[in-house]
There are 2 protein chains.
Amino acid sequence: MILPALNDIRSAHERIKPFVHQTPVMSSQQLNRIFGCELFFKCENFQKAGAFKFRGATNAVLLLSEEEKNRGVVTHSSGNHAAALSLAATMNGVKPYIVMPETAPEVKKKAVAGYGAEITFCRPTLEAREGTAHDIIEKTGAILIHPYDNFNVICGQGTAALELMDEIVDLEIIVAPVGGGGLISGTSTAVKGISEKIKVVAAEPLNANDAWKSFTTGVLTPSVNPGTIADGLLTSLSELTFSVIRKNVDHIFTVCEESIIECMLLIWERMKIIIESSSATVIAAVKENPEFFRGKRTGLIISGGNVDLRRLPFCQLPTANYYTKG
Amino acid sequence: MILPALNDIRSAHERIKPFVHQTPVMSSQQLNRIFGCELFFKCENFQKAGAFKFRGATNAVLLLSEEEKNRGVVTHSSGNHAAALSLAATMNGVKPYIVMPETAPEVKKKAVAGYGAEITFCRPTLEAREGTAHDIIEKTGAILIHPYDNFNVICGQGTAALELMDEIVDLEIIVAPVGGGGLISGTSTAVKGISEKIKVVAAEPLNANDAWKSFTTGVLTPSVNPGTIADGLLTSLSELTFSVIRKNVDHIFTVCEESIIECMLLIWERMKIIIESSSATVIAAVKENPEFFRGKRTGLIISGGNVDLRRLPFCQLPTANYYTKG
């Protein structure tokens, strides 16, 4: 299996640069005080289509041949990859076909439709999704762009870490969430390519801890019925992403649901930015492992900001206890 | 009555610069398409203590004599000014006394306490608030820093517009919300001092339209029982702010509650930033007056981002209809 290298990510960066936002890196003195370390937030919630996924999707679309572009692209997803691929495709004159479970939130259906995709709805099972995507490929010849089990997608995702390290020098740790593993694969490849000394940490919900299990046992172990509020992290690693992770990731820290919700709320309240629950796992990892992060210059990949604002987990929570002086 | 001039605002800017954030100016191609104009968001929601109020409070505190600083500062407020004054005071070694109605949201009480203020609670009437503040002044000699009826506060508030015009050239319109009038007074003074050609618009909730009434009749007319979700704009103009507004503001646009909530949600969803309802009035003004803003380079002062995330107005709203192509 050929794994991505730093040069592949650098090439991806040159390729996608005209299409993606170079998102800002934010910081907060209050949060640094709360967590006892220096945090740098790479804000992919401000990326086009609201998540880092637009980087990988754009790289994959740009690398299609002209003949492939004419056939269109297809994926099955109810989440950020569907929106990202739709936008990346239409921006480049490629037709996107998206398979979505009929149970997907209205806000996501509208977003994907708004980006110009042709949506086919199916029953909310993996079999139905794969079957429907297969039917579309049969009929149209469209190219399947997998959300993470795809070399070009992984290279695109790694460009966020590249920009972060370019802007903030002397980082000691970089943390990204892990679901299917596309983001952490790209991130860890970029980081270790630039410096072996920087520690790479993957943050994963305890309730969807297939990456942690696979990493600690050395055997790829998919999740069974994962259940977490971090709905972007329900997917399991592929052979490809597992291989990259084994090679490049130093630690996988699992985090509990309470920490995810608490940290999401904390970031909203203090930084006034909207991050999705999957992104909150990286802050939860810092919160749950204070010794590991103490005093360290830590980069956090904030993966996205797509949240259904009509269904928020903290409408009924008590007030947090983080208010501190000055 | 001596009104502030551009030079006063420039001096305030030099004075407060080491203490305040130079907040970013953000923009969104999606929102430009939706509204048919070029919008530049001056993000005071990222200001310290979460609102522009920190600028005015800091300027007022820094202009106290040493003897006055030793006596402390006092204000009665349940909102952003209380938090801002508390932080500005403690950062400069001055004791803040804050009078708050006992009915203020828990989150605001904790924020003000967290900034190091001594809080005195009172009944939720203006009389009780003024009476309690008066008692504190009698007892401690603390200096009253009014949230807007204060020359130095107004000069501090104007520095946000100064930074905006410095960063974005050729603006044609600048919009700020109006409540008591401190922000729009500072803003309009800065704008007209730099160019008479730039139109200054104040955005005001229809349900708290004392500024609009005063402006159109020429007679200062306080609100009677105003009721709006934009809880930072319930206050009425003072003689001072009314005088500045008559001199420098071109238009006051009133906006309805539905627009405020819709625009607040729109900004959260599209820009992934948290703005408070009072700030949403400026986008609502653009939305409700498309002819006026069409094609114009428009600066918007986003006043703050302090929202009780446990009580949001749009948890039950239907999905918006703004999703557009590409």
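In strand 9 of chain B, Thr254(B) is the bridge partner of Glu204(B). The two strands involved, strand 8 (residues 199-205) and strand 9 of chain B, pair in the parallel sense over 5 bridges. The model is predicted, and the predictor assigns the complex an ipTM of 0.92 and a pTM of 0.93.

- Strand 7 (residues 173-177) and strand 10 (residues 297-302) of chain B pair in the parallel sense over 3 bridges.
- Within that pairing, Ile174(B) has Gly299(B) in strand 10 of chain B as its bridge partner.

**Other elements of chain B**

- Strand 4 (residues 96-101) and strand 5 (residues 118-122) of chain B pair in the parallel sense over 5 bridges.
- The bridge partner of Val99(B) in strand 5 of chain B is Thr120(B).
- Together with helix 6 (residues 106-114) of chain B, strands 4 and 5 of chain B make a right-handed β-α-β unit.
- Helix 9 (residues 159-167) of chain B is mostly covered, with 7 of its 9 residues buried.
- The buried positions of helix 9 of chain B are Thr159(B), Ala160(B), Ala161(B), Leu162(B), Glu163(B), Leu164(B) and Met165(B).

**Overall form of chain A**

- Chain A contains 15 helices and 10 strands.
- Its radius of gyration is 19 Å, close to the 20 Å that the globule rule gives for 326 residues, so chain A is as compact as a globular protein of that length.
- The C-alpha trace of chain A spans about 60 × 45 × 40 Å along its principal axes.
- Of the 326 residues in chain A, 55% are buried.
- Among contacts in chain A with a separation of 6 or more, 75% join residues 24 or more positions apart.

- Glu204(A) lies in strand 8 (residues 199-205) of chain A.
- Glu204(A) is buried because 27 other C-beta atoms lie within 10 Å, where the cut-off for burial is 20 or more.
- Leaving aside residues up to four places away in sequence, Glu204(A) touches Val178(A), Asn209(A), Ala211(A), Trp212(A), Leu233(A), Ile252(A), Thr254(A) and Thr281(A).
- Glu204(A) and Val282(A) are separated by 78 residues in sequence, while their C-alpha atoms are 8.1 Å apart in space.

**Helix 13 of chain A**

- Helix 13 (residues 257-271) of chain A has 15 residues and reaches 21 Å from its first C-alpha to its last, close to the 21 Å expected at 1.5 Å a residue.
- The helix is mostly covered, since 11 of its 15 residues are buried.
- Those buried residues are Ser259(A), Ile260(A), Glu262(A), Cys263(A), Met264(A), Leu265(A), Leu266(A), Ile267(A), Trp268(A), Glu269(A) and Met271(A).
- They pack against strand 1 (25-26), strand 8, strand 9 (251-255) and helix 14 (277-288) of chain A.

**Positive phi in chain A**

- Most residues other than glycine have a negative phi.
- Lys272(A), which follows helix 13 of chain A, has a positive phi near 60° and is not a glycine.
- Lys272(A) is placed in the loop between helix 13 and helix 14 of chain A, and Lys272(A) is buried, with 25 other C-beta atoms within 10 Å.
- Asp170(A) also has a positive phi, of about 60°, without being a glycine.
- Asp170(A) lies in the loop between helix 9 (159-167) and strand 7 (173-177) of chain A, and Asp170(A) is exposed, with 10 other C-beta atoms within 10 Å.

**Confidence in chain A**

- The average pLDDT of chain A is 94, and 96% of the residues score at least 70.
- Over residues 317-326 of chain A the pLDDT is below 50, and this stretch has 25 contacts in the model beyond near neighbours in sequence.
- Where pLDDT is low, the predicted coordinates should not be read in detail.

Notes. Residues are numbered from 1 along each chain as its sequence is written. Chains are lettered from A and ligands numbered from 1 in the order in which they are written. This is a predicted model: local features need pLDDT of at least 70, side-chain atom pairs count only at pLDDT 80 or more; totals for chains, interfaces and linings use all residues. Two strands pair if DSSP finds at least two bridges between them. Helices (H or I, at least four residues) and strands (E, at least two) are DSSP runs, numbered from the N terminus. A crossover is right-handed if, with the strands pointing away from the viewer, the path from the first strand over the helix to the second runs clockwise. The radius of gyration is taken over C-alpha atoms; the globule rule is 2.2 Å times the number of residues to the power 0.38. A residue is buried if 20 or more other C-beta atoms lie within 10 Å of its own, exposed if 12 or fewer, and partly exposed in between; C-beta atoms are placed from the backbone. Two residues are in contact if their C-beta atoms, placed from the backbone, lie within 7 Å. The expected span of a helix is 1.5 Å times one less than its number of residues. pLDDT is the predictor's confidence in each residue, from 0 to 100.
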